Amino acid sequence: FHEDVHNMTSLKSIEDIESLVSHYAYPRDVKRIVEGLKAGIEMPAPIIIAGSKGMWILSGNTRQNCAKVLGIPRKFIVVNAS
């Protein structure tokens, strides 16, 4: 699924995620996301837009990366925009 979504990263470690988001205009609190996922706290599902030119992640890239590294399955919201 990940390989079909444009602009969705697929990082291998929490450190890689922290490095990526440190360059964002509004850095994400990766430690808080990781703690929340481990504690089972419900978080918004990542949103993917599906259109005639493919699928793009709209929000939740950091959350999905953290969950993937931790081995926690995530559900996505896919919006068909075509």
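This is a predicted model: local features need pLDDT of at least 70, side-chain atom pairs count only at pLDDT 80 or more; totals for chains, interfaces and linings use all residues.
Which helix holds Asn65? Asn65 is found in helix α3, which covers residues 61–70.

Four strands make up an open sheet. Their order is β1-β3-β2-β4, and the pairing is mixed. Strands β1 and β4 stand at the edges, each with a single partner strand, so one side of each is left without a neighbour in the sheet. Strand β4 spans residues 77–80.

The pairings can be taken in turn. Strand β1 consists of residues 5–6 and strand β3 of residues 54–59. These two strands pair in the parallel sense, over two bridges. Val5 has Met55 of β3 as its bridge partner. Strand β2, residues 47–51, runs antiparallel to β3, and five bridges join them. Within β3, Ile57 stands opposite Ile48. A hairpin is formed by β2 and β3, with two residues between them.

Two packed helices are described by the angle between their axes and the distance between the axes. Helix α2 comprises residues 30–39. It packs with α3 at an angle of about 55 degrees, and the axes are 10 Å apart. That angle makes α2 oblique to α3, because angles from 65 to 115 degrees count as roughly perpendicular and those under 35 degrees as roughly parallel. The crossing of the two helices is right-handed. From α2, the residues Val30, Ile33, Val34, Leu37 and Lys38 take part in the contact. They meet Thr62, Arg63, Cys66, Ala67 and Leu70 of α3.

Thr62 belongs to this group of α3 residues. Is Thr62 buried or exposed? Its relative accessibility is 8%, so Thr62 counts as buried. Leaving aside residues up to four places away in sequence, Thr62 touches Ile17, Val21, Tyr24, Arg28, Val30 and Ile33. Of these, Val30 and Ile33 lie in α2. Thr62 and Val79 are separated by 17 residues in sequence. In space, their C-alpha atoms are 19 Å apart.

What does the side chain of Asn65 contact? A polar contact of 2.4 Å links it to the side chain of Thr9. Beyond residues up to four places away in sequence, Asn65 touches Thr9, Ser10, Leu11 and Ile17. Ile17 is also among the residues touched by Thr62.

One backbone feature remains. Most residues other than glycine have a negative phi. Asn7 is not a glycine, yet its phi is positive, at about 60 degrees. Asn7 is placed in the loop between β1 and α1, the latter being residues 14–21. Its relative accessible area is 47%, so Asn7 is partly exposed.

Terms used: Residues are numbered from 1 along each chain as its sequence is written. Side-chain values use heavy atoms; hydrogens and water are left out. A polar contact is a pair of N or O atoms within 3.5 Å; within protein, one must be able to donate a hydrogen and the other to accept it, and residues adjacent in sequence count only if both atoms are side-chain atoms. Contact means heavy atoms within 4.5 Å. Buried means under 20% relative accessible area, exposed over 50%, partly exposed in between (1.4 Å probe, protein chains only). Two strands pair if DSSP finds at least two bridges between them. Axes are lines fitted to C-alpha atoms, for helices over the stretch in contact, and angles run from 0 to 180 degrees between N-to-C directions. Angles under 35 degrees count as roughly parallel, over 145 as roughly antiparallel, 65 to 115 as roughly perpendicular and the rest as oblique. A crossing is left-handed if the near helix is turned anticlockwise from the far one by less than a right angle, and right-handed if clockwise.
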